[in-house]
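Thanks for coming. I have one structure to show, and I will keep it short.

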Amino acid sequence: MRPSTHTDVISYVRAQTQPSHVILIDPDDATPDVAAQRCIAAVSAGSKMIFVGGSSGTDEDNVHPTVVAIQEALELCKWNASQDSGLSETDWEVPVVLFPQGAAALSPSADAITFMMLMNSTNPEFLVGEQVRGAPYIRKAGVEPMGMGYVICAPGGKAGEVGQANLIKSNQTDLISAYAMCAESYGFSILYLEAGSGANTPVSPELIRAAKAASGKLVLLVGGGIRNGATAKLAIDAGADWIVTGNLCEEFADAHELQSTLETFIGEMRP
Ligand code: 1GP
C-alpha cells in the first residue's frame, strides 16, 4: 500500500531513519493467500517493504493475484487499525514493489517497481531488453519506477545463472566500487547487491563497504543467504540500508512463528 506519509515510494525508501527489512515473496512458491498471510506477519514484525518476484516461474498469472491479495490484506489490517485507537493505520501503509524476472512478471496493482539493470549480466536482454518491453506497461499502469542497479555477487545462485552474470568475487572491491559509481552516474536510486537466493555465503562485508563508500547517494539493498539477525547486522554495519530475505520467510507454515522469528531478526540486525 502506498505510504500516505510520502509523495512517492522512493522518498519513503530513502526516508527510513534506521536500517530496514524487506520481505521477498516469490509467487512461484506460495499461493496468493499464503503470501498475504506472510506479509501481514512480516509487517506486524516490523518489515517496511514487500517485494514480489523471483528468478523463474513468475508471470502475470501468478504475480498479479499475489499483489492483489497482499494489497487487500494490508487494506483490511489498516481498516482494523482505524477501529482501534491503540494501533496506527500508517504502520500498514507498506509498499508492495515488483522485483521482476522480466517484462512478463508485472502487475498494475503494485505501488512501485525496482526498474533494474542487471549490471553484470553478459546478456543485453537483462541490461535493457526486458526493460524496453516492460516500460510501456508500467507507464500505462502508473506503477512508480525506482531505477535500480542490480549486481550479482558469488555464489549467485539461480539469479546468477538465469541472469548470465559475471559474478563479483568477495575480494573484488575495486570492481564493486566501479559498479556503484556507474549506477550512481546513471542516476539510479538504488543499488542491490545480490548473493543469490539461498546462497551459502552472503555478500561479503568488504564488498558492501566498498560499494557504500563509492556511492553516497544510492540506497543500498543487500540480500541472498541472510538467515539470521546477526548476519544481517554484519551487512548493516558494513553499510547496507535495507536487508532483503526470501527463504527465511518461506520456512514457516505458521504465521505467528514467522512473525516471532522476524521480530527477533529485525531486533538483532539494528545497531
Ligand atoms: C533473493 O536476495 C534475495 O533475490 C533473498 O535471498 O532467499 O536467500 O533470503 P534469500
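This is a predicted model: local features need pLDDT of at least 70, side-chain atom pairs count only at pLDDT 80 or more; totals for chains, interfaces and linings use all residues.

Residues are numbered from 1 along each chain as its sequence is written, and side-chain values use heavy atoms, with hydrogens and water left out.

Helices here are DSSP runs of H or I with at least four residues, strands are runs of E with at least two, and both are numbered from the N terminus. Buried means under 20% relative accessible area, with a 1.4 Å probe and protein chains only.

Which residues of helix α7 are buried? In α7, residues 205–214, they are L207, I208, A210, A211 and A214. They sit on the same side of α7, because they cover an arc of only 165° around the axis, taken from the directions from the helix axis to the C-beta atoms.

What covers them includes α6, β6, β7 and α8. S177 lies in helix α6. S177 counts as buried because its relative accessibility is 14%. Leaving aside neighbours within four places in sequence, S177 is in contact (heavy atoms within 4.5 Å) with A210 and A214.

Now the ligand. The residues around the ligand (a heavy atom within 4 Å) include Y192, E194, G198, G246 and N247. A polar backbone atom of G198 is 2.7 Å from a ligand oxygen atom. For G246, a backbone N or O atom lies 2.8 Å from an oxygen atom of the ligand. The protein covers 96% of the 310 Å² of accessible area that the ligand has on its own, by the Shrake-Rupley method with a 1.4 Å probe.

Technical notes
Buried means under 20% relative accessible area, exposed over 50%, partly exposed in between (1.4 Å probe, protein chains only). A polar contact is a pair of N or O atoms within 3.5 Å; within protein, one must be able to donate a hydrogen and the other to accept it, and residues adjacent in sequence count only if both atoms are side-chain atoms.
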